[in-house]
Amino acid sequence: MSSTLVTTPFGATSTAAEVIAGIDLTGKRAIVTGASSGIGVETARALASAGAAVTLAVRDLEAGRRSAADITATTSNERVLAARLDLADLGSIREFVSGWTGPLDILVDNAGVMATPERRTALGWELQFATNHLGHFALTTGLHGALAAAGDARVVVVSSVGHINGGVLFDDPNFERRPYDPWAAYSQSKTANVLFAVEAAKRWAADRITVNALNPGRISDTRLGRHMTAAPVAFDPKGSTGVSVKDTAQGAATSVLLAASPLVAGVTGRYFEDCNEAGPHQPGVRRGVADYALDPDQAGRLWQLSTDLLTAAG
């Protein structure tokens, strides 16, 4: 972690609209995954309000089209559309990537699942690791050329404070030899999000692509927790100290900051929360970033593991 943390005038209660105010994204192109509900919609809305052409990459295309129409209605931006993307399906990801033409200025890896019952993709990958990390890894690396072509492109990876509950299980990431634990799987996937940002920031610096991760906070109105009733432990198993509940407009603010604000131009490989770079995690407080999530050796190891899994998938 850098010795000087990046700070901004915004904070925990700032909204996406406040962060985007005065910013002109006319001529920019953006993709937001999981933008049919929750903070994804509000992230896409803010980018569209600033004039960007926004693609909502969604699993449920009809829901995505409804969200796109709503965003157009509230922003008067006609350049908002939905496209199908299932992050648990490599075929769907490859189809989306092959269908993209031209440069890409902003990619917000926002979609995610949390505390699912034990489920696997067609390739046998544990669903949370597959959706939250591997799917976004395949998507983002697949769009690398488009991001590089844009010049000064930004990638934003939505992680979670849940990453502090555990790192990547390199010896058994898909729970093939150990009992499945929905929270260990979730924590692993969210740590992977941060490690991906760290490694991509290093690898893509020469392409002028910045990559940052963030914790959006606990959001009051989101479908992310729809599987929690199936989990054997309550949400936030290690206590809620330091956590405040946000609405979706507040929850999207840090994503929008990293995607569009000149305040963080050139900043890369960092982890943010409440619109500011997070400090080190302190035991007993559900804030900050775990040291293992920023570890460059683990970041490189995860990149290689992810590449190997995608290569083996064919």
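1. In this predicted model, Val211 touches Val155, Val157, Ala197, Ala200, Ala201, Trp204, Thr268, Gly269 and Arg270, leaving aside residues up to four places away in sequence. Together with Leu143, Val211 has the most contacts inside the largest nonpolar core, a group of 50 residues. Two or more residues of this core come from each of helix 4 (90–99), helix 5 (127–142), helix 6 (144–150), strand 5 (153–158), helix 7 (182–203), strand 6 (209–215) and helix 10 (296–313). Helix 7 gives the largest share, eight residues. Apart from this core lies another, of 42 residues, which includes Ile71, Ile219, Val256 and Leu257. In soluble globular proteins, nonpolar side chains tend to be buried together.

2. Eight strands form an open sheet with mixed pairing, in the order 3-2-1-4-5-6-9-10. The edges are strand 3 and strand 10; each has a single partner strand, so one side of each is without a neighbour in the sheet.

3. Val54 has Val80 of strand 3 as its bridge partner. Between strand 2 and strand 3 the chain passes through helix 3 (residues 61–75), and this β-α-β crossover is right-handed. Helix 3 lies across strand 2 and strand 3 and runs at about 170° to strand 3.

4. Arg65 belongs to helix 3. With a relative accessible area of 45%, Arg65 is partly exposed. The C-alpha atoms of Arg65 and Ala82 are separated by 5.4 Å, although these residues are 17 residues apart along the chain.

5. Helix 5 and helix 7 have axes that come within 7 Å and cross at roughly 20°. Because angles under 35 degrees count as roughly parallel, helix 5 is described as roughly parallel to helix 7. On the side of helix 5, the contact is made by Gln128, Phe129, Asn132, His133, Phe137 and Thr140. Helix 7 contributes residues including Pro182, Tyr186, Lys190, Asn193 and Phe196.

6. Ala115, in the loop between strand 4 (106–109) and helix 5, has phi near 55°. Its relative accessible area is 0%, and Ala115 is buried. Cys275 has phi near 70° and lies in the loop between strand 9 (271–273) and strand 10 (276–277). Cys275 also counts as buried, at 1% relative accessibility.

7. Not counting residues up to four places away in sequence, its contacts are Ser187, Lys190, Thr191, Tyr271, Gly288, Val289, Ala290, Tyr292 and Ala293. Lys190 also takes part in the contact of helix 7 with helix 5.

Note on methods:
Residues are numbered from 1 along each chain as its sequence is written. This is a predicted model: local features need pLDDT of at least 70, side-chain atom pairs count only at pLDDT 80 or more; totals for chains, interfaces and linings use all residues. Side-chain values use heavy atoms; hydrogens and water are left out. A nonpolar core is a set of buried Ala, Val, Leu, Ile, Met, Phe, Trp, Tyr and Cys residues joined through side-chain atoms within 4.5 Å. Buried means under 20% relative accessible area, exposed over 50%, partly exposed in between (1.4 Å probe, protein chains only). Helices (H or I, at least four residues) and strands (E, at least two) are DSSP runs, numbered from the N terminus. Contact means heavy atoms within 4.5 Å. Two strands pair if DSSP finds at least two bridges between them. A crossover is right-handed if, with the strands pointing away from the viewer, the path from the first strand over the helix to the second runs clockwise. Axes are lines fitted to C-alpha atoms, for helices over the stretch in contact, and angles run from 0 to 180 degrees between N-to-C directions. Angles under 35 degrees count as roughly parallel, over 145 as roughly antiparallel, 65 to 115 as roughly perpendicular and the rest as oblique.
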